[in-house]
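Here are my notes on the model, point by point. Please read them with the coordinates open.

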Amino acid sequence: MPINEYQLYRKLAWRLLPPLYIIYILAYLDRMCVGFAQLQMKDALQFSDTTYGFGAGIFFVGYMMFEIPSNLILEKVGARLWLTRIMITWGLICCAMIFIETPQGFYTLRFLLGLAEAGSFPGIILYFSYWFPAPVRAKYGALLITATAASGVLGAPLAGLLLSMDGFFGLQGWQWLFLAEGAPSVLFGFMLYFWLTDRPAKASWLNPEEKAWLERTLAAEQRTDSHHHAADLGQALRHPQVWLLALVYFAVIINYYSISLWLPQLIKTWAGLDNVRTALLTGLPYLATVIVMVIVGAHSDKTRERRWHIVVCAWVAAGALALSPYLESPVWAIAAITVAAAGIWSILAPFWTLPHTLLKDGPAKASGLALINSVGNLGGFAGPYIVAWLKTATGDFKLGLPLLAATMALGVLLVFVAAKTETEKP
């Protein structure tokens with residue numbers, strides 16, 4: 001019986017995207033949490049901008065250290081078990097953030113949080129490749145990755161509410177923020193084990209024809225590009241194009257997390273609002289970002305082109321980001337940072353289709369995806385810390401944001417030598 005591909009993709013999307021989407025939302029709520037918490041936490045604990053920037057960024061050092069081992073374990077034991085473990089441990093550590101009193105305690109828990117969460121993003125990208133063939137990967141990947149922006153849409157009003165609970169049951173608002181972000185991750189982690197299916201062959205909700213078609217299609221993709229693929233762990237870690245993609249991702253992520261972690265402070269500085277109104281207004285850039293991400297991902301799939309989608313989005317974002325601190329009108333400044341956020345986030349879905357053209361299924365793909373993500377996420381340490389250091393030195397954001405924007409505008413050009421687009425394949 002012929003397979004209706006459209007119906008099969010819809011079935012996969014309805015079954016797999018909701019739990020993955022929830023993981024993403026909770027993960028990025030967890031990461032954004034520290035950005036909103038700083039509106040109170042810095043004053044309450046007398047942390048400087050540099051202390052905050054270092055503590056926010058050290059998360060990514062722990063994340064990088066355990067990224068590749070985590071993805072190799074996921075490949076071995078399955079996504080269902082390993083993603084469950086990741087969620088429960090990161091949720092517990094996030095809850096423990098309410099006990100922070102010193103910079104050292106802040107640094108320690110942020111580092112441990114990075115270790116606990118390591119492998120979540122590349123693990124989901126790896127898991128996603130087990131189910132969705134290349135022609136629809138950016139479209140459905142964009143829908144999935146919109147969770148990173150949707151977490152801002154949901155997290156902003158939630159943060160405003162939680163920050164207003166200052167003193168409730170003896171906890172400050174920033175403590176309620178960490179508790180409310182961590183506890184759902186623990187609870188959903190237990191649910192996840194009974195929701196996910198590791199591979200198509202184990203999917204009782206697919207009929208035999210659908211299972212066979214998926215396995216044939218995904219295997220054929222691997223054979224078609226076998227001469228380009230790194231076949232094992234060693235080849236993946238030595239592959240020059242994998243390292244180039246890692247550098248491209250670093251150039252993007254250094255800006256991605258600078259916006260994520262500093263956006264509430266930027267909006268508060270420009271608009272002069274109180275903490276609650278600042279948190280609410282922060283949701284608007286993320287709402288626009290969700291819409292743009294879906295459009296870019298769908299267009300990238302329709303045209304089967306990746307590199308120019310990445311570069312154009314990066315250049316538009318870099319221009320808007322560099323301009324934003326120089327605009328005197330708060331409305332125009334926030335509009336510019338919204339364009340920057342939409343451009344940066346829209347890079348992600350087309351970008352994450354590229355490693356699959358270089359890496360063979362198994363340890364090579366698991367380690368290669370983790371390597372790209374771990375090197376890239378060092379930008380999550382560098383970006384916020386550089387912005388914090390320059391803000392302390394100069395008193396504003398006028399040097400830090402243009403510097404990071406230039407890094408991205410130049411860095412993404414490496415994508416032209418790092419990978420071929422699908423339309424260029426022999």
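1. Helix α1 covers residues 5–45, 41 residues in total. Helices here are DSSP runs of H or I with at least four residues, strands are E runs of at least two, and both are numbered from the N terminus. From first C-alpha to last, α1 reaches 55 Å, close to the 60 Å expected at 1.5 Å a residue. The expected span is 1.5 Å times one less than the number of residues.

2. This is a predicted model, in which local features need pLDDT of at least 70 and side-chain atom pairs count only at pLDDT 80 or more, while totals for chains, interfaces and linings use all residues. Numbering runs from 1 along each chain as its sequence is written, and side-chain values use heavy atoms, with hydrogens and water left out.

3. α1 has a kink of about 60 degrees, centred on Gln38. The bend at a residue is the angle between axes fitted to the seven residues ending there and the seven starting there. At the start of the helix, a side-chain oxygen of Asn4 comes to within 3.2 Å of the backbone nitrogen of Tyr6. Of the 41 residues in α1, 29 are buried. Buried means under 20% relative accessible area, exposed over 50%, and partly exposed in between (1.4 Å probe, protein chains only).

4. Two non-glycine residues deserve a look at their phi. Most residues other than glycine have a negative phi. Gln46 sits in the loop between α1 and α2 (49–77) and is exposed, at 73% relative accessible area. Phe169 has a positive phi of about 55 degrees. Phe169 lies in the loop between α6 (137–163) and α7 (173–192). Phe169 also counts as exposed, at 71% relative accessibility.

5. Which residues touch the most other members of the largest nonpolar core? They are Leu12, Trp131 and Phe178, in a core of 142 residues. α1 gives the largest share of this core, 22 residues. Such a core is a set of buried Ala, Val, Leu, Ile, Met, Phe, Trp, Tyr and Cys residues joined through side-chain atoms within 4.5 Å. Not counting residues up to four places away in sequence, Leu12 touches Leu17, Trp131, Phe132, Trp205, Leu206 and Leu214. Contact means heavy atoms within 4.5 Å.

6. Check Glu67 in helix α2. Glu67 is buried, with 0% relative accessible area. The Glu67 side chain makes a polar contact with the Asn373 side chain, at 2.5 Å. A polar contact is a pair of N or O atoms within 3.5 Å; within protein, one must be able to donate a hydrogen and the other to accept it, and residues adjacent in sequence count only if both atoms are side-chain atoms. Beyond its neighbours within four places in sequence, Glu67 contacts residues including Ala118, Pro122, Ala370 and Asn377.

7. The count comes to four salt bridges, each a side-chain nitrogen of Lys or Arg within 4 Å of a carboxyl oxygen of Asp or Glu. Lys11 pairs with Glu210, the closest N and O atoms being 3.0 Å apart. Lys11 is in α1 and Glu210 in α8 (residues 208–224), so the pair ties together parts 199 residues apart in sequence. Lys11 is partly exposed at 31%, whereas Glu210 is buried at 10%.

8. Glu75 forms a salt bridge with Arg199, at 3.4 Å between the closest N and O atoms. This pair links α2 with the loop between α7 and α8, 124 residues apart. Asp301 and Arg306 form another, at 3.0 Å, and both residues are buried.
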